Amino acid sequence: MAVEQMTMPQLGESVTEGTISKWLVSVGDTVNKYDPIAEVMTDKVNAEVPSSFSGVIKELTAEEGDTLAVGEIICKVEVGGSAETEAPAQAETPAAEKTAQEPVQEQDQSNKKRYSPAVLRLAQENDIDLTQVNGTGAGGRITRKDLQQLIEGGTIPKAAEAGKQAQAPAGKSAPLAQKETPAAPAPVKPAQGASVSAQPGDVEIPVTGIRKAIAANMLRSKHEAPHAWTMMEVDATNLVEYRNSLKNEFKQKEGFNLTFFAFFVKAVAQALKEFPQINSMWAGDSIIQKKDINISIAVATDDALFVPVIKHADEKTIKGIAREISELAGKVRAGKLSADDMKGGTFTVNNTGSFGSVQSMGIINYPQAAILQVESIVKRPVVMNNGMIAVRDMVNLCMSLDHRVLDGLICGRFLARVKEIIEQTSKETTSIY
């Protein structure tokens, strides 16, 4: 009888890892193909993972709370009955032995320095120097099990040991040798909050799996993408008057709200069509300019932020975009957002103005190249072209950009075009249908 391995699925186009939030099965349980076996959280979605086989669960290789890369093994299923598994077990070479037998330099090590929150936490708790650990995960990635094997075997590599190995033999020439060949410095460990302790009266709130996933993706974006920022002030007076004249009749007729945000999403989609460079992603040795214009929108709950996608936004009317915003927000708050709802985003528009913000610096939704924050529309005194001062409805558009992909000039032209579309929005020039 065969023992099949199930791996972490890819729950979105830019998703590279997932966190096991809850196992729905135990070792020994019988499952059918497509039965849900685990709940997995990423920075984008919380979804159930179906079984790829019918059989008996033989091993859960990951624990609840573990973060694994896409393609890493999460469990093993015995397919076809309850035959002995001795032969397959003998045929398999333990991961640790494989690492010892195969030269590290011949293996793919592209993910060696990509650590999950669980690995970082375990390494910090046990003072493990991760630079000296050979990972058995995909691309040389260090897994939680790798560290547990080192801890159980009592062979924990520490930074101090690396320094000792680099030192010269004791003697008169030791200081000179140390200057010529300095000891390897200890790696800087990311702050995990271990040094912070709750004091009497403090409230300690456990970090949820989805909050950890959001934190990991935001950290990756800030570390890998050199962020730059620009802002443009827009006169939205005509838009406000036009939308307010329609909103009550629209709600009665269509059954959902005609929001200001729908107008901004449409304006961004139109500008992206005219400036396709903005609709791009960094791919290491190339920049990928996406054909489809799929707008990611941020929808917040009390403890998490989800980013569903309005696909082909440039082909939709303002009414169609308003409908999708309403439907996607409803799915998020009802916990019914699917993995497909999160896939394919090429540019993010965030409605930070919904909670009163007037200026902000968004973190780019990796691997996209930019994010636009639509701030609150506020009444301000403005000097008009004729020199007179008037009270106008003004809004700030704040854009964060990946400077590897985009420069200030093209982003300035893009924002200027969005500004032009918004300021020209009126009953005479703009149809919502």
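At roughly what angle do the axes of helix α8 and helix α9 cross? I started my notebook with that one.

**Ground rules.** I am working from a predicted model, where local features need pLDDT of at least 70, side-chain atom pairs count only at pLDDT 80 or more, and totals for chains, interfaces and linings use all residues. Residues are numbered from 1 along each chain as its sequence is written, and side-chain values use heavy atoms, with hydrogens and water left out.

**Whole chain.** I looked up the overall make-up and got 12 helices and 19 strands for the protein chain. Helices (H or I, at least four residues) and strands (E, at least two) are DSSP runs, numbered from the N terminus. The protein chain has 433 residues, and 42% of them count as buried. Buried is under 20% relative accessible area, exposed is over 50%, and partly exposed is in between (1.4 Å probe, protein chains only). I also checked contacts, meaning heavy atoms within 4.5 Å. Among those between residues at least 6 apart in sequence, 65% join residues at least 24 apart.

**α8 against α9.** Back to my opening question: α8 (residues 237–254) and α9 (residues 260–274) have axes that cross at roughly 125° and come within 10 Å. The axes are lines fitted to C-alpha atoms, for helices over the stretch in contact, with angles running from 0 to 180 degrees between N-to-C directions. I therefore put α8 and α9 down as oblique to each other. The cut-offs are under 35 degrees for roughly parallel, over 145 for roughly antiparallel, 65 to 115 for roughly perpendicular, and oblique for the rest. The α8 and α9 crossing is right-handed. On the α8 side I listed L239, V240, Y242, R243 and N244, and on the α9 side F260, F263 and F264. By class, the residues of this α8 and α9 contact come to 6 nonpolar, 1 polar and 1 charged. Ala, Val, Leu, Ile, Met, Phe, Trp, Tyr, Cys and Pro count as nonpolar, Asp, Glu, Lys and Arg as charged, and the others, Gly among them, as polar.

**α9 itself.** I found 15 residues in α9, reaching 22 Å from first C-alpha to last, close to the 21 Å expected at 1.5 Å a residue. That expected span is 1.5 Å times one less than the number of residues. Buried residues of α9 include F261, F263, V265 and L272.

**α9 against α10.** I next looked at α10 (residues 318–334), whose axis comes within 9 Å of the α9 axis and crosses at roughly 120°. F261, A262, F263, V265 and K266 of α9 make the contact with I318, I321, A322 and I325 of α10. I noted 8 nonpolar, no polar and 1 charged residues there.

**α9 against α12.** The axes of α9 and α12 come within 9 Å and cross at roughly 135°, so I logged this pair as oblique too. Contact residues include F263, F264 and A267 of α9 and F414, R417 and V418 of α12. The classes here are 10 nonpolar, 1 polar and 2 charged.

**Two single residues.** I found T430 in the segment after α12 (408–423). T430 has a relative accessible area of 18%, so I marked T430 as buried. Leaving aside neighbours within four places in sequence, T430 contacts Y242, I318, Q424 and T425. I placed R144 in helix α4 (residues 144–153). Its relative accessibility is 22%, so R144 counts as partly exposed.

Conventions: A crossing is left-handed if the near helix is turned anticlockwise from the far one by less than a right angle, and right-handed if clockwise.
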